[in-house]
Amino acid sequence: MRRLARWRRVPWPSILYVGAVLLFLFAPLAIVVLFSFHSSPRMAFPFQGFSLRWYEEIFTDVEVVRAMGRSAIAAVTTGLVTAILGTLAGLGIVGLSSRTKGAVMFFAMIPMSFPALLFAIGLAVYYRELGVGFSLGATIAGQIIQSLPFVLLVISATLDRFRFSLIEAARDLGAGAFHAFRTITLPIILPAVLGSMLLAMALSADEFIVAFFTAGQDKTLPLIMYGRINIKLDPSINAIGTVLLVVTSALAFISARRTSKESL
Amino acid sequence: MKPNRIVAALQLAPASVYYSALFGAPLLVLVAYSFYTTENFDFVPEFTLDNYVTAWTSEVYRTYFIRTLRISAITAAVIAVVAFFYSYVITYTLRAHRSLLYFFVLVSMFGGYLVRIYAWRSIFGTEGIANSALMSTGIIAEPLDLLRNGEFAIIIAMINFYLPLGILPIYAAMQNVGPGQIEAAQDLGSSRLGAAGKIVLPLALRGVTVAFVFTFIATAAEWLTPQLLGGTEDQMIGNRIAYQFGAGFDWPLGAALAVTLVVVLAVLLGALFTVVRRWVR
């Protein structure tokens, strides 16, 4: 009887609901991963067996491998530049009065909710007016704008919890400004800086819209994938999609673990 | 200026310059372009309002705008409801596991934009996964044409991609309402759903509004999802804008459509915020 009572107390409707939502969120991704290992080119059930043939195909395809290289360059550059700009700006924002701080953060967050399509065509028009050609560099410059708000958000959240009395104490004890920064501020904010850098890399690797309008011939991995979607039955797309997915989710996963307030 | 103010200004300078040069300036140029004239396949800085006249009076574009607002409103509303209950359940009912259940959502938010659209394409296709599963279990005899047939596939795919964007602000807003307040309401005779509606909803309403607004903006400017999952009758205004920057090759008209979209969104969502603020007070 007691066991029955405990069984009844389990919130089954809640568990079912959360399970259904998570299943809905991850099912499409799981399907792409599953069919990337399919031995048949057909993308339908019944499943006919496992094979690595699509991975062999994409890793020996010069077009795909080159695109992977470009995507890697874009991700690393975006990550580094955003982390530097975001950390500096985060340190600057902490020193402001709370009213100015609110206004600065509000403007800094605009690119996060501004539609990517409109930003991308704006960039395309801008480059045309400046006479700058479309290239990987042009795309990276835009992707930095898109990930900067996320980096700034993570860094300023960390700095908000930072006790500045530590710095004052160090300065009172005779430490120079740079020495205090290097030995106190930096070690405390470093996990957030690295975490947000990984997040920026994930955003860049997955980014499609800015790349579509500004990369020109320098096609990144999502652009190659897009180019193949309209060609009928190209099962290598599943493998490209899985590679993209594994890279971005791994980066986002590590980043979220490093930066989330409540550790798991 | 105090010395630490100067330091703060210097620290903010690089990011500010970068923002102005690569976000502010491009958008200003885009607005300027919406007044340009198209001549012999070239765009010249000759002031004209023709692009706006076309964007605002043409029956075709009005149809696109109305369809876009309808699809976005449905998507954002469904997301707000699903996200509210997800946040509610993980914050209160499954409280012990809330960090983990939130973490899953957070991770799924970053990555997989194109991969998801592609996945839905293969799920909904005539020879796709949904049809092959339904047919092999004998539920249907003939394949259903779910793709390029109405807005269903587009809305499902957009809910799938933008749901985390809705959960984020609602979950954050709920962290300010303790489980004690819910228990108190239940002790006073409120049902579980009643507690959700009467106690949590008003307190989390700001989060729900932000979730609706974020997803509405994001979906109203969608173009890839309708392009890959919808038929010609389901295309959104983003598709028209992208077309003018591609095969249509009329950038000034595309720019005018883009500016119009931003103005429409700002007016609608500004009105929404005003209504919600009055209601809460």
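In chain B, the side chains of B:Arg62 and B:Glu59 form a salt bridge, with 3.8 Å from N to O. A salt bridge is a side-chain nitrogen of Lys or Arg within 4 Å of a carboxyl oxygen of Asp or Glu. The model is predicted: local features need pLDDT of at least 70, side-chain atom pairs count only at pLDDT 80 or more, and totals for chains, interfaces and linings use all residues. Residues are numbered from 1 along each chain as its sequence is written, chains are lettered from A and ligands numbered from 1 in the order in which they are written, and side-chain values use heavy atoms, with hydrogens and water left out.

B:Arg62 and B:Glu59 both sit in helix 3 (residues 59-93) of chain B. They are 3 residues apart, about one turn of the helix. Helices (H or I, at least four residues) and strands (E, at least two) are DSSP runs, numbered from the N terminus. An α-helix has 3.6 residues a turn, so residues three or four places apart point the same way. B:Glu59 is exposed, at a relative accessible area of 55%, whereas B:Arg62 is partly exposed, at 37%. Buried means under 20% relative accessible area, exposed over 50%, and partly exposed in between (1.4 Å probe, protein chains only).

Another pair in chain B is B:Glu151 and B:Arg70, whose side chains meet in a salt bridge of 2.5 Å, N to O. This pair links distant parts of the chain, 81 residues apart. B:Glu151 lies in the loop between helix 6 and helix 7 (152-174) of chain B, and B:Arg70 lies in helix 3 of chain B. B:Glu151 counts as buried because its relative accessible area is 19%. B:Arg70, at 39% relative accessibility, is partly exposed. Over all chains, the structure holds 4 salt bridges.

Chain A also has a salt bridge, between the side chains of A:Arg228 and A:Asp61 (2.7 Å, N to O). The two residues are 167 residues apart and link distant parts of the chain. A:Arg228 is in helix 11 (residues 221-229) of chain A, while A:Asp61 is in the loop between helix 3 and helix 4 (62-94) of chain A. With a relative accessibility of 11%, A:Arg228 is buried. A:Asp61 is partly exposed, at 21%.

Confidence was examined for chain A. Its mean pLDDT is 86, and 94% of its residues reach 70 or more. pLDDT is the predictor's confidence in each residue, from 0 to 100. In chain A, confidence is lowest in helix 1 (residues 2-9), at a mean of 62, and highest in helix 10 (residues 209-214), at 95. Where pLDDT is low, the predicted coordinates should not be read in detail.

The fold of chain B comprises 12 helices and 2 strands. Along the sequence, the pattern is α-β-β-α-α-α-α-α-α-α-α-α-α-α. The C-alpha atoms of chain B fill a box of roughly 75 × 75 × 35 Å along the principal axes. Of the 281 residues of chain B, 54% are buried. Contact means heavy atoms within 4.5 Å. Among contacts in chain B between residues at least 6 apart in sequence, 69% join residues at least 24 apart.

B:Gln244 belongs to helix 11 (residues 237-244) of chain B and counts as buried because its relative accessibility is 5%. Beyond neighbours within four places in sequence, its contacts include B:Tyr61, B:Phe249 and B:Trp251. A:His38 lies in the loop between helix 2 and helix 3 (53-59) of chain A. At 0% relative accessibility, A:His38 is buried. Leaving out residues up to four places away in sequence, A:His38 touches residues including A:Pro46, A:Phe47 and A:Trp54.

The contact between the chains takes 75 residues from chain A and 74 residues from chain B. The area buried between them is about 6900 Å², of which carbon and sulfur atoms give 80%. Buried area is the accessible area (1.4 Å probe) that two parts lose on being put together, summed over both. In chain A, A:Phe24, A:Leu25 and A:Arg128 lose the most area to chain B, together 9% of what that side buries. Between chain A and chain B there are 0 salt bridges. Helix 2 (residues 12-36) of chain A gives the largest share of the side of chain A that touches chain B, 14 residues.
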